[in-house]
Amino acid sequence: MLQEEVKRELIAILGPTYVKDDMQTLVTHSYDGTPMLQALPDAVIYPLTTTEISDVMKVLHRHQVPLISRGSGTNLCGGTVPVHGGIVMVMHRMNQILEVDLENLTATVQPGLNTKKFITHVEELGLFYPPDPSSMSVSTLGGNIAECSGGLRGLKYGTTKDYVLGLEAVLANGDIIRTGGKLTKDVAGYDLTKLLVGSEGTLAVITEATLKLIPPPQYKKTMLAMYKDVYAAARTVSSIIESRIIPATLEILDHATIHVVDDYAKLGLPRDMEAMLLIEQDGDREAVERDIERITAICRQEQAVEVSVAQSQEEALKLLTARRSAFTALARLRPTTILEDATVPRSKIADMVIAIHRIAKKYEVQICTFGHAGDGNLHPTAMTDARDAEEIHRVEAAFEEIFEAAIQLGGTITGEHGVGLVKSPFLEWKVGAAGVEVMKAIKQAFDPLNLLNPGKVFAKESRKRVVIDRG
Amino acid sequence: MANQAQSPSVHHKTVNPLAAKLQLRLDPDQLTNCMRCGFCLPACPTFAETGIEAESPRGRIALMKAVADGIMEPDRAFEEQMNHCLGCRACEPACPADVKYGRLLEQARDAIEDHTERHSIGVKLSRHAAFKKLFPNQKRMKLIGRSLQWYQQSGLQKFARQSGAMKLFPKHMQAMEKILPEASGQGIVEQIGTRHPAKGERIATVALFRGCLMDVLFTSTNRHTVDLLTEAGFEVVIPEEQNCCGALHAHSGEAEMARSLARQNVQVFKDAGVEFIVSNAGGCGALLVEYDHLLHEDPTWKEDASWFAAHVIDISELLVRHGRLPEFHNEDVSIRITYQDSCHLRNVMRTSDAPRQLMKQVKGVTYAEMKDADRCCGSAGIYNLTQPEMAGQILDHKMEHVRDTQAQVLLTSNPGCLLQMKHGIEQHGLRDQMQAVHIVDFLHDHMHPSRK
């Protein structure tokens, strides 16, 4: 329950329309895109300006009330579930493109702006903003920055962190800071911009961002290769990179995913394949044609059973359908879909896919794997039912072992979804006890009262590491 | 993951009778299937208008689930939220998990309707009259048609408008009165009979679903539908005993009445021995293709209902997919046309390409795709009467996009949408620049003259 006094003060800042604590509002802000997590906030607010947010933070700081800032609530790590109650702050009203600077090739935006709208807008101006998380038609740029979202173009173009040049943010005590700017070079002190990107709303509330834009590629070509051996597919990935070719997209689907996708989209994919690679290259026409030719040769050399290059935009779209419909096809199989993002160095992709198969078999759970092979970011996806406690227990055990396997291969527990609530017990596995201590000290420096998105990133207790059964 | 789950453990003893009913009615599988990814949010008109999570499909399902889980009581705000949904079902094609949102909404509304004591006596009486006595009875519908015809032709309409008597009615009723098409006291069967041979070699025999409102307010559209179908090579029968589809009932929480109408229609069309059941109204067609679900708990009717649902098709889809298309010509000055999707035709019957293909075949016509043509126009069955404020807001945005197309003819494929578009044109002062027309009428008008 929100103290009457706090509520009064919030209403004085935001007006009565934008402070809600009716049951309907609380229930509809008790979840995000993560399965099986729910906790009610005490109130929901909808600010319009940085000043309002600063004033709000001063009130919450004085009364020591937690604040969870969020965009559309599509994250997959429980990052915006208000587990400690408090105020959920929805940023949707702050959704303006403040400026597109054609001289410096930057855009300055408010955090509640929809990612897809922004991308469409800059494309109309003949520019390009590459980060393309799958949720981009729903998500906000503020959410993307807070989670450091990735996407399909990560290998060649990098992720959100590579495109944030400067930020305006409100600190836990209400102070406003500005970091970076329209600058390619800036070494004035610690890089607070990079620190805030991916900080999951635990360090400050992002209220404005200056983003880097680049010229768009002129030409694009899409191809597909099928394999009877996962290692052959993985070797292809490594060979392509070794040949100094960086494709714009380099995606992998495993055997189980190919089946499910074909059942759903009726694409007539061969059923006896162990892996499929979907490859796109973009750039100057000549360079693209040359790269695709070389990649085709590499695929054949590495024993691809089938290689097809799209000859038209329509054909390309058809090839892309297999990858694009993967999530939809998987989500329809069972009531609950748990999508993870274990990531390994790209040279270890095959080992990781095989490890996932072995672990799924061991725990008798259904896990399909697809993902961004080029950057080693896989999406092992479990199809289960939240109502079956025993099965859910096995799924969790399987994922723990998958995280451990990723780390053993030199990888990480999360490549692009963030730590949030879901991965917090495993954070220490990746960064070590000393790493966690440094991060906690940073959190302490920014937010000594632990008001900003409490309960996230750091778990009360780290999970004991599982011993991998190599049998 | 689940070991972190902080499921609120509040568990009310269910004393609230509506809560009990909702827990019984709402399909737990569909509630669980929603994984809260949020992909439905950009597709939802009420979310677009308000930006409020509770006004989105994800939010509404979360509310239903919270009631089913005993986390919250279904209060007045809950009921209002369920009624605030347009039921356009644009969220369904957007949903990766294929959640049957339309079903959940109907289950919720059905439970609410069973328990509501909130309708005033007037609303109760008029609901009873409309849902139980009027729509299910084609004779009474025709009587209404005749009365309306008399109202329009006797001079009373003129009198009502000039004398200011219409001002006694609420604003949105006045607005609707203005755009009512000329009613007919004679339905399609009385006008042209029940059986019509194909021109040329017969491709298939099809049955026309005439619709209750269509048959009174848009009899000529039904006639034109028959002409188009026979011209394209189909033999057409119009089973006389067919009834209202039940869509308005199903969407308003009168599921039992809808089922009873469905059983009657299934029987009549089964007996007709046809290869397709053709609909020319997206709103009706969308319920017709879901008769299998509507009657899935009825062992006697289940199988026939599945046959029925599998054979329903919209006229545009039938013409494009199986018909011998006649030539369509515009002989006047070149005109621009545009199209407003019928939500239920697009989102439930999944027909959006066929009407566009047909429009583009008309020679001497420029087709301009309207921005957000796939977004609901706010008509949504009787939504524009029950939620005039939100409907008005949605219509205002729609009319901006309509205006931008600079079209002279605005086409659509459902009577509700057509009336709403006529209303929009009237309200936004576009009467001199454009008209709203059913796609069937437009195509019929532009068939080669000798063929009409």
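## Salt bridges between the chains

A salt bridge is taken here as a side-chain nitrogen of Lys or Arg within 4 Å of a carboxyl oxygen of Asp or Glu. In this predicted model, B:Asp29 forms such a bridge with A:Arg387, their closest N and O atoms lying 3.0 Å apart. Across the interface of chain B and chain A, the rule finds three salt bridges, and eight residue pairs, both at pLDDT 80 or more, are in polar contact.

## The side of chain B that touches chain A

Helices H2 (28-33), H4 (57-68) and H5 (76-84) of chain B each supply at least two residues to the side that touches chain A, and H4(B) gives the most, with five residues. By class, this side of chain B holds 23 nonpolar, ten polar and five charged residues.

Contact between the chains involves 38 residues of chain B and 43 residues of chain A, and the two chains bury about 3400 Å² between them, with 61% of it on carbon and sulfur atoms.

## Two domains within chain B

Chain B is divided into domain 1 (17-118) and domain 2 (328-451), whose centres, taken over C-alpha atoms, are 29 Å apart. The contact between them takes 18 residues from domain 1 of chain B and 15 residues from domain 2 of chain B.

About 1400 Å² is buried between these domains, of which carbon and sulfur atoms give 56%; on the domain 1 side, B:Glu49, B:Leu86 and B:Cys88 lose the most area to domain 2, together 42% of what that side buries.

Methods:
Residues numbered from 1 in each chain as written. Chains lettered and ligands numbered in written order. Predicted model: local features only at pLDDT ≥ 70, side-chain atom pairs only at ≥ 80, totals over all residues. Heavy atoms only, no water. Contact = heavy atoms within 4.5 Å. Buried area = accessible area lost by both parts, 1.4 Å probe. Polar contact = N/O pair within 3.5 Å; in protein donor to acceptor, adjacent residues only side chain to side chain. Helix = DSSP H or I, 4+ residues; strand = E, 2+ residues; numbered from the N terminus. Nonpolar A, V, L, I, M, F, W, Y, C, P; charged D, E, K, R; others polar. Domains from an automatic or database assignment.
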